[in-house]
Amino acid sequence: MTWLEEGWRHVWLPYAQMQTAPLPMPVARTQGARIILEDGRELIDGIASWWTACHGYNHPHISEAVAKQLEAMPHVMFGGLAHEPAYRLSTRLAALMPGDLNRVFFTDSGSVAVEVAIKIAVQSRLNQGVRGRTKILAFSGGYHGDTIGTMAICDPEEGMHSLFTGLLPENPVVPLPKDAASVASFEAFLEREHKNLAAIIVEPLVQGAGGMVFHGPEVLQRLRAAADHYGLTLIFDEIFTGFGRTGTMFAFEQARVVPDIVTLSKALTGGTSPLAATIATDRLFETFLSDSPMTALMHGPTYMAHALGCAAANAALDLFETEPRLTQAAAISAQLARELEPCRSLPGVKDVRVMGAIGVVQMHNIKDPPGLRQKLLKEGVWIRPFRDIVYLTPALTITPEELSRLTGAMQTVLAKE
């Protein structure tokens, strides 16, 4: 295939050692929960393109909205100009948030949304004359992005970013306060170091790229209480967990706590277009208001509030209002729990766990993740094992039959490992 072979000499792939990586599979089109390859094969997508395609691929309502917006105006700069899709989307997102989470800052990727959250947390204190509180408290197993700022709040022992030690700003990373020992350690750390901290950041309920590690709502309640006690900004990174993935529209709803900042991306547009949002409270927003331009939030991506992305996001929100996505997530959760449970007895399996539309089989060790992926491909499914897990995060619109194909493929392949 000419375009693939010629382009291979120039493209740089993500998370891949290009010297040994095989040619990627050329995709012709997508539909629903399926990826159709150039050679005609159809794969059932078990991970919804890194968790983005929550409504399935090519949903006609989103496609129609994007086509209509493309004809009218694909993009216009957000500095000094306004367009209806972004302003309507900000109003709708604020309405979905609890408390006074009312101010929406649009960016074009999840990593940048987190960068903006960090800047808001730190600058809000600087604007109030508070100096020295510049560190962000993060947690072991956490992942928040691949930019310089977000790498600095990922788990430094996780491996992907350890190479950059010395370049990255140093931020404290501690175990999540989940049991008596980690709670005591967490509380002792805060008592000792809180005067250096601006914020706490966490992926609520599920640490995604850290290995799909779950924790309970009580952890989020504990973090809220600690942030209140020490005057810290609490950031919930819902880039993976938001939009029904954990069974509720947003993961933090299960803890009944209100963060100070929420970051969103991935499923925000239903996997159609890059777009992200950082949503902050009115209280934080007001610390940026003054007669001085120096207190303004000096950030503005060129494609901020991209009109096509905002149109897609508005259409994606329509679908949560008009189609039974959370009911579908509950059905997926029950089916995953039922059909993945037999994997628990397989040799090499360490754990099986399910939360919402997330199903995880954790192995004691995966020696060859790319090789395991190839074996799954032969079963007609697209699943990407990483670290020590094989996981499913399918479209919320996947059919029971398609989901059974995914779980069945996992059982068949893992039984031979």
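## Around S124

S124 touches K119, L284, T287 and F288, leaving aside residues up to four places away in sequence. The model is a predicted one. S124 sits in helix α5, which spans residues 110-127. Is S124 buried or exposed? S124 has a relative accessible area of 1%, so it counts as buried, the cut-off being under 20%.

## Two domains

The chain splits into two domains. Domain 1 takes residues 3-59 and 325-415. Domain 2 takes residues 62-322. Their C-alpha centres lie 26 Å apart.

## The interface between them

The size of an interface is often given as the accessible area lost when the parts come together. Here domain 1 and domain 2 bury about 2500 Å² between them. Of that area, 66% is on carbon and sulfur atoms. Which three residues supply more than any other three of the area that domain 1 buries against domain 2? They are W51, H59 and M355, with 27%.

In contact terms, 28 residues of domain 1 meet 31 residues of domain 2. The interface has 0 salt bridges by the rule used. Polar contacts between the domains number 11 residue pairs, with both residues at pLDDT 80 or more.

## The domain 1 side

Several elements each give two or more residues to the side of domain 1 that touches domain 2. The helices are α2 (48-51) and α11 (325-340). The strands are β13 (349-355), β14 (358-363) and β16 (389-392).

By class, this side of domain 1 has 18 nonpolar, 7 polar and 3 charged residues.

Methods
Residues numbered from 1 in each chain as written. Predicted model: local features only at pLDDT ≥ 70, side-chain atom pairs only at ≥ 80, totals over all residues. Heavy atoms only, no water. Domains from an automatic or database assignment. Contact = heavy atoms within 4.5 Å. Buried area = accessible area lost by both parts, 1.4 Å probe. Salt bridge = Lys/Arg side-chain N within 4 Å of Asp/Glu carboxyl O. Polar contact = N/O pair within 3.5 Å; in protein donor to acceptor, adjacent residues only side chain to side chain. Helix = DSSP H or I, 4+ residues; strand = E, 2+ residues; numbered from the N terminus. Nonpolar A, V, L, I, M, F, W, Y, C, P; charged D, E, K, R; others polar. Buried < 20%, exposed > 50% of the residue type's maximum accessible area, 1.4 Å probe, protein only.
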